[in-house]
Amino acid sequence: MTENQAKPAAVPIKLYKSEEKIYPRETKGYFQNLRHIALFALLGLYYGLPWLNWGERQAVLFDLPARKFHIFGLTLWPQDFFFLTLLLIMAGLSLFFFTALAGRVWCGFACPQTVWTDAFIWMERLVEGSRSKQIKLSKMPWNAEKIRKRVIKQLLWVSFALWTGFTFFGYFTPIGELASLLWSGDASFWQWFWVLFYGFATYGNAGFMREQVCKYMCPYARFQSAMFDKDTLVITYDEQRGEPRKRGAKRSEGSETAGDCIDCGLCVQVCPTGIDIRNGLQYECIACAACIDVCNSVMTQVNRPSNLIQYTTESSREGKKTKILRPRIVIYAVLLGLLFAGFVTALAMRSSVQFDVLRDRNALYQVVGNDQIVNRYTLKVMNKGNIDQRYRIDVEGLPEASIEVANERVISAGEIANVAIQVTVPNAALRDRSQTITLRLTEEFGESPATMSEKTRFFGP
Ligand code: SF4
Ligand code: SF4
């Protein structure tokens with residue numbers, strides 16, 4: 001190259017490819033109806049539940065400062081962490097079970113990311129119109145119409161996101177109180193922070209990032225294929241029937257008979273993750289079944305049988321029978337059944353009273369009068385029931401022992417109280433210098449009084 005020759009302009013290499021916004025086309029059909037039912041049910045539950053009362057309090061309230069989880073008539077304490085663990089294990093196992101059985105049905109119909117994204121897309125359509133109108137608007141220079149539509153859309157999105165954040169926080173603090181605190185401006189910094197934080201997270205995930213959360217952030221999308229087998233339901237394009245795809249006049253050109261796919265591209269346009277299911281099963285597919293619905297409507301229009309795209313299994317496509325009862329399904333179902341039975345039994349047997357025994361640290365024992373030996377204890381009693389309660393305290397394992405309660409009183413529902421007691425035994429009745437005794441608490445009120453016992457030591461000379 002001579003010095004007079006111009007140097008070619010440097011072409012920057014982009015290491016990051018920005019995602020193009022996807023404008024999913026609206027579609028109707030059997031699966032979309034099911035998805036709408038699921039969407040209304042789940043959102044209705046989410047926004048309505050915190051406003052439901054159960055007796056004097058909110059029906060579902062995770063009261064973290066008081067370390068109590070209220071779920072209708074049930075109150076779980078930190079000591080009941082076991083139940084939460086069981087619930088989480090069952091939720092994980094259910095995900096495995098349903099994935100092995102029906103593929104990504106969770107992603108397409110019940111995942112909060114999908115449900116809230118659908119709600120945001122619905123608002124976008126309401127303001128900006130159909131897919132083609134949205135694309136046209138995005139390419140349009142900024143003018144009064146574009147500004148008006150974008151402002152209305154953002155107002156709707158932000159309000160919905162803030163309401164979502166407020167509702168979410170309402171599961172952790174009584175929602176009526178929270179509403180009046182926010183309204184009167186008396187809410188604390190942290191109350192505002194959490195409402196705004198959850199609102200912002202909703203806006204970011206469902207309004208802004210949408211399908212990118214499923215494609216790049218969700219771990220489930222990555223490992224779900226490990227739970228798939230030949231008999232798992234997946235959404236598939238019937239290549240044998242559809243190919244060679246041809247559109248318009250090309251369908252009658254050439255000697256090759258055109259397949260059923262008229263290459264209209266609608267299955268791609270309705271896809272919320274922007275993939276072409278005709279290229280085979282891809283991890284980006286969230287199994288929303290929009291491509292099934294739209295393709296079925298196309299097939300109806302061109303007088304071809306439906307289900308060119310359908311829910312099917314690999315076995316079925318190979319002409320074999322799909323096995324529903326297979327080892328992994330049976331194992332997941334049995335484990336789930338056992339866990340569920342264990343959960344219900346443990347819940348039914350759960351005592352509404354719990355207590356710990358703390359010995360007096362100042363003296364092992366005290367001799368009163370000539371031969372009375374006294375040991376003092378503090379009982380940390382937790383009333384886990386729903387009514388105020390008084391308790392009868394008995395001692396076992398010490399003949400001739402008597403109990404004196406220093407501060408006997410009614411303990412409110414949900415209260416933890418320290419009860420001071422002293423156990424007195426004649427010296428002659430003691431078998432040993434130290435012996436095990438059992439303290440038993442029995443509820444005095446209620447139809448089926450609960451009882452609980454704890455072992456401790458009694459010391460003598
Ligand atoms: S919607 Fe059906 S007919 Fe249209 S391109 Fe997709 S598979 Fe082919
Ligand atoms: S390929 Fe079909 S089922 Fe999968 S995400 Fe796209 S539209 Fe939904």
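**Ground rules.** I worked with a predicted model, in which local features need pLDDT of at least 70, side-chain atom pairs count only at pLDDT 80 or more, and totals for chains, interfaces and linings use all residues. Residues are numbered from 1 along each chain as its sequence is written, while chains are lettered from A and ligands numbered from 1 in the order in which they are written.

**Overall form.** The C-alpha trace spans about 115 × 60 × 60 Å along its principal axes. I noted 15 helices and 15 strands; these are DSSP runs numbered from the N terminus, helices being H or I of at least four residues and strands E of at least two.

**Domains.** The assignment, automatic or from a database, gives domain 1 (17–350) and domain 2 (353–459). Their C-alpha centres lie 54 Å apart. Five residues of domain 1 are in contact with five of domain 2, contact being C-beta atoms, placed from the backbone, within 7 Å.

**Cores.** I then turned to the nonpolar cores, which are sets of buried Ala, Val, Leu, Ile, Met, Phe, Trp, Tyr and Cys residues joined through C-beta atoms within 7 Å. Buried means 20 or more other C-beta atoms within 10 Å of a residue's own, with C-beta atoms placed from the backbone. In the largest core, of 25 residues, Ile235, Cys267, Ile277, Cys291 and Ile309 touch the most other members. Strand E6 (234–237) and helix H13 (290–301) each give two or more residues to this core, and H13 has the largest share, five. Leaving out residues up to four places away in sequence, I found Cys291 touching Ile235, Cys267, Val270, Cys271, Ile277 and Ile309.

**Ligand 1.** I counted a residue as near a ligand if its C-beta atom, placed from the backbone, lies within 6 Å of it. Ligand 1 has 16 residues around it, the closest being Cys261, Cys264, Leu266, Cys267 and Cys295. H13 gives the most to this shell, three residues.

**Ligand 2.** Here 14 residues form the surroundings, and Cys271, Ile277, Cys285, Cys288 and Cys291 are the closest. Cys291, listed here, is also among the core residues with the most contacts to other members.

Conventions: Buried ≥ 20, exposed ≤ 12 C-beta atoms within 10 Å, placed from the backbone. Contact = placed C-beta atoms within 7 Å.
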